[in-house]
Amino acid sequence: MEGIIIMLTKKIEAALNDQLNFELYSAYIYMAMQAHLRFQGLNGFANWMQIQAQEESVHAMGFYNFIIDRGGKVVLKAIAQPKTEWKSVLAVFENTLEHECIVTSRINNIAALAESEKDFATRNFMQWYIGEQVEEESNANGIINDLKLAANSKETLLMLDRERAQRVFAFPLIPGGMKAPGAAAP
Ligand code: FEO
(Lines give C-alpha, C1' and ligand atoms only; values in the text may rest on other atoms or scores of the structure.)
Protein backbone atom coordinates (compact mmCIF):
# COMPACT_ATOMS: atom_id res chain seq x y z
CA MET A 1 0.00 0.00 0.00
CA GLU A 2 3.01 2.28 0.41
CA GLY A 3 2.98 5.25 -1.96
CA ILE A 4 -0.76 5.05 -2.70
CA ILE A 5 -2.56 8.37 -2.28
CA ILE A 6 -5.98 8.03 -0.71
CA MET A 7 -8.08 10.27 -2.96
CA LEU A 8 -10.54 12.83 -1.73
CA THR A 9 -14.20 11.99 -2.24
CA LYS A 10 -15.84 14.12 -4.95
CA LYS A 11 -18.02 15.76 -2.28
CA ILE A 12 -15.03 16.86 -0.18
CA GLU A 13 -13.02 17.86 -3.23
CA ALA A 14 -15.91 20.12 -4.36
CA ALA A 15 -16.28 21.65 -0.89
CA LEU A 16 -12.53 22.39 -0.70
CA ASN A 17 -12.53 23.92 -4.20
CA ASP A 18 -15.54 26.08 -3.25
CA GLN A 19 -13.72 27.31 -0.16
CA LEU A 20 -10.57 27.99 -2.19
CA ASN A 21 -12.75 30.25 -4.36
CA PHE A 22 -14.35 31.87 -1.30
CA GLU A 23 -10.95 32.69 0.23
CA LEU A 24 -9.95 34.37 -3.06
CA TYR A 25 -13.28 36.22 -2.98
CA SER A 26 -12.41 37.31 0.58
CA ALA A 27 -9.06 38.67 -0.69
CA TYR A 28 -10.97 40.48 -3.45
CA ILE A 29 -13.41 42.04 -0.95
CA TYR A 30 -10.57 43.31 1.24
CA MET A 31 -8.75 44.70 -1.81
CA ALA A 32 -11.96 46.58 -2.69
CA MET A 33 -12.19 47.88 0.87
CA GLN A 34 -8.53 48.88 0.71
CA ALA A 35 -9.15 50.85 -2.50
CA HIS A 36 -12.17 52.59 -0.92
CA LEU A 37 -10.18 53.54 2.20
CA ARG A 38 -7.16 54.75 0.17
CA PHE A 39 -9.50 56.95 -1.88
CA GLN A 40 -10.64 58.54 1.38
CA GLY A 41 -7.06 59.11 2.54
CA LEU A 42 -7.38 56.63 5.43
CA ASN A 43 -4.10 54.91 4.69
CA GLY A 44 -3.78 53.18 8.08
CA PHE A 45 -7.10 51.35 7.74
CA ALA A 46 -6.20 50.72 4.08
CA ASN A 47 -2.92 49.14 5.21
CA TRP A 48 -4.90 46.86 7.55
CA MET A 49 -7.06 45.78 4.60
CA GLN A 50 -4.04 45.23 2.36
CA ILE A 51 -2.59 42.78 4.89
CA GLN A 52 -5.99 41.17 5.36
CA ALA A 53 -6.14 40.57 1.58
CA GLN A 54 -2.61 39.09 1.58
CA GLU A 55 -3.60 36.71 4.39
CA GLU A 56 -6.70 35.60 2.47
CA SER A 57 -4.55 34.76 -0.57
CA VAL A 58 -2.44 32.50 1.64
CA HIS A 59 -5.62 30.93 3.12
CA ALA A 60 -6.68 30.17 -0.47
CA MET A 61 -3.29 28.63 -1.28
CA GLY A 62 -3.67 26.43 1.79
CA PHE A 63 -6.72 24.81 0.19
CA TYR A 64 -4.98 24.74 -3.20
CA ASN A 65 -1.98 22.79 -1.85
CA PHE A 66 -4.05 20.50 0.34
CA ILE A 67 -6.29 19.44 -2.56
CA ILE A 68 -3.20 18.59 -4.64
CA ASP A 69 -1.46 16.78 -1.76
CA ARG A 70 -4.56 14.59 -1.35
CA GLY A 71 -4.55 13.61 -5.02
CA GLY A 72 -7.48 15.90 -5.90
CA LYS A 73 -7.90 18.36 -8.77
CA VAL A 74 -7.87 22.10 -8.19
CA VAL A 75 -10.60 23.80 -10.26
CA LEU A 76 -10.50 27.59 -10.32
CA LYS A 77 -13.86 29.29 -10.77
CA ALA A 78 -14.82 32.93 -11.41
CA ILE A 79 -14.47 35.26 -8.45
CA ALA A 80 -17.58 37.31 -7.69
CA GLN A 81 -17.39 41.10 -7.89
CA PRO A 82 -17.19 42.76 -4.48
CA LYS A 83 -18.94 45.95 -3.37
CA THR A 84 -17.11 49.19 -4.13
CA GLU A 85 -18.74 51.71 -1.77
CA TRP A 86 -19.43 51.86 1.96
CA LYS A 87 -21.17 54.68 3.78
CA SER A 88 -18.59 54.95 6.59
CA VAL A 89 -15.43 53.35 7.98
CA LEU A 90 -17.64 51.67 10.59
CA ALA A 91 -19.75 50.17 7.76
CA VAL A 92 -16.57 48.77 6.17
CA PHE A 93 -15.62 46.92 9.35
CA GLU A 94 -19.19 45.80 10.11
CA ASN A 95 -19.19 44.29 6.63
CA THR A 96 -15.83 42.66 7.42
CA LEU A 97 -17.23 41.03 10.57
CA GLU A 98 -20.37 39.93 8.72
CA HIS A 99 -18.21 38.37 5.99
CA GLU A 100 -15.94 36.60 8.48
CA CYS A 101 -19.01 35.09 10.23
CA ILE A 102 -20.02 33.63 6.85
CA VAL A 103 -16.49 32.23 6.42
CA THR A 104 -16.69 30.67 9.91
CA SER A 105 -19.95 28.97 9.09
CA ARG A 106 -18.52 27.62 5.81
CA ILE A 107 -15.39 26.33 7.55
CA ASN A 108 -17.53 24.62 10.21
CA ASN A 109 -19.66 23.01 7.49
CA ILE A 110 -16.57 21.55 5.77
CA ALA A 111 -15.27 20.22 9.10
CA ALA A 112 -18.67 18.62 9.78
CA LEU A 113 -18.78 17.14 6.26
CA ALA A 114 -15.27 15.70 6.69
CA GLU A 115 -16.37 14.09 9.96
CA SER A 116 -19.49 12.60 8.42
CA GLU A 117 -17.42 11.21 5.51
CA LYS A 118 -14.79 9.89 7.94
CA ASP A 119 -12.13 11.94 6.13
CA PHE A 120 -10.02 12.69 9.19
CA ALA A 121 -7.12 14.20 7.23
CA THR A 122 -9.46 16.92 5.94
CA ARG A 123 -11.06 17.26 9.38
CA ASN A 124 -7.58 17.76 10.87
CA PHE A 125 -6.62 20.24 8.15
CA MET A 126 -9.73 22.32 8.88
CA GLN A 127 -8.68 22.74 12.52
CA TRP A 128 -6.20 25.51 11.65
CA TYR A 129 -8.95 27.45 9.87
CA ILE A 130 -11.34 26.98 12.80
CA GLY A 131 -8.76 28.61 15.12
CA GLU A 132 -8.00 31.32 12.59
CA GLN A 133 -11.68 32.29 12.39
CA VAL A 134 -11.76 33.05 16.13
CA GLU A 135 -8.98 35.58 15.50
CA GLU A 136 -10.57 36.97 12.33
CA GLU A 137 -13.89 37.68 14.07
CA SER A 138 -12.18 39.08 17.15
CA ASN A 139 -9.96 41.45 15.09
CA ALA A 140 -12.92 42.88 13.19
CA ASN A 141 -14.98 43.16 16.37
CA GLY A 142 -12.15 45.03 18.15
CA ILE A 143 -11.97 47.64 15.38
CA ILE A 144 -15.77 48.03 15.37
CA ASN A 145 -15.70 48.71 19.12
CA ASP A 146 -12.92 51.30 18.71
CA LEU A 147 -14.81 53.02 15.89
CA LYS A 148 -18.00 53.11 17.96
CA LEU A 149 -16.08 54.71 20.84
CA ALA A 150 -14.62 57.27 18.42
CA ALA A 151 -18.23 58.20 17.51
CA ASN A 152 -17.99 61.39 15.46
CA SER A 153 -14.57 62.55 16.67
CA LYS A 154 -12.32 63.15 13.65
CA GLU A 155 -9.23 63.30 15.91
CA THR A 156 -9.93 59.85 17.36
CA LEU A 157 -10.63 58.45 13.90
CA LEU A 158 -7.25 59.71 12.67
CA MET A 159 -5.53 58.26 15.75
CA LEU A 160 -7.18 54.86 15.08
CA ASP A 161 -6.17 55.12 11.43
CA ARG A 162 -2.52 55.70 12.41
CA GLU A 163 -2.63 52.71 14.78
CA ARG A 164 -3.72 50.43 11.92
CA ALA A 165 -0.75 51.62 9.86
CA GLN A 166 1.40 49.53 12.26
CA ARG A 167 -0.03 46.20 11.11
CA VAL A 168 2.58 44.09 9.31
CA PHE A 169 2.17 40.93 7.24
CA ALA A 170 3.14 37.68 8.95
CA PHE A 171 3.03 34.68 6.60
CA PRO A 172 0.30 32.34 7.94
CA LEU A 173 1.82 28.86 8.27
CA ILE A 174 -1.00 26.42 7.68
CA PRO A 175 -0.03 22.90 8.83
CA GLY A 176 -0.57 20.39 6.04
CA GLY A 177 -1.55 23.03 3.53
CA MET A 178 1.05 25.67 3.19
CA LYS A 179 4.46 25.86 1.67
CA ALA A 180 5.90 29.22 2.73
CA PRO A 181 8.32 30.70 0.20
CA GLY A 182 11.79 29.55 1.17
CA ALA A 183 10.57 27.62 4.23
CA ALA A 184 9.66 24.00 4.87
CA ALA A 185 6.01 23.33 5.71
CA PRO A 186 5.58 22.67 9.46
FE1 FEO B 1 -9.73 33.32 5.31
FE2 FEO B 1 -10.74 35.85 6.73
O3 FEO B 1 -10.90 34.05 6.45
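Let us start with Arg123, which lies in helix α4. The model you are looking at is a predicted one, so please read every distance below as a value computed from that prediction. The side chain of Arg123 has two polar partners to look for. One is Glu115, whose side chain is joined to that of Arg123 by a polar contact of 2.7 Å. The other is Gln127, where the side-chain contact with Arg123 is 3.0 Å.

Now stay with helix α4, which covers residues 120–150, and move along to Asn145, also found in this helix. Is Asn145 buried, partly exposed or exposed? Its relative accessible area is 41%, and because buried means under 20% and exposed means over 50%, Asn145 counts as partly exposed.

Next come the aromatic rings. A search of the whole structure turns up nine aromatic pairs. Take Phe66 and Phe125: their ring centres are 4.0 Å apart and their planes stand at 0°, so this pair is stacked. Two quantities are used for such a description, the distance of the centres and the angle of the planes. What does the pair tie together? Phe66 belongs to helix α2 (residues 43–69) and Phe125 to helix α4, so the pair links parts that are 59 residues apart in sequence. Both of these phenylalanines are buried.

Arg106 lies over the face of Phe22, at 4.0 Å from the ring centre. Likewise, Arg167 lies over the face of Trp48, and here the value is 4.4 Å from the ring centre.

Finally, let us turn to the surface. Which residues form a nonpolar patch there? Tyr28, Met31 and Ile79 do, with about 270 Å² of accessible area together. Met31 sits in helix α1, which runs over residues 10–39. With a relative accessible area of 46%, Met31 is partly exposed.

How values were computed
Residues numbered from 1 in each chain as written. Predicted model: local features only at pLDDT ≥ 70, side-chain atom pairs only at ≥ 80, totals over all residues. Heavy atoms only, no water. Patch = residues over 30% accessible without salt bridge, like charges linked within 9 Å, V, L, I, M, F, W, Y side chains within 5 Å. Areas by Shrake-Rupley, 256 points an atom, 1.4 Å probe, with all protein chains shown as cover. Salt bridge = Lys/Arg side-chain N within 4 Å of Asp/Glu carboxyl O. Helix = DSSP H or I, 4+ residues; strand = E, 2+ residues; numbered from the N terminus. Buried < 20%, exposed > 50% of the residue type's maximum accessible area, 1.4 Å probe, protein only. Phe/Tyr/Trp six-rings, centres within 6.5 Å; stacked < 30°, edge-to-face > 60°. Lys NZ or Arg CZ within 6 Å of the ring centre and 35° of its normal. Polar contact = N/O pair within 3.5 Å; in protein donor to acceptor, adjacent residues only side chain to side chain.
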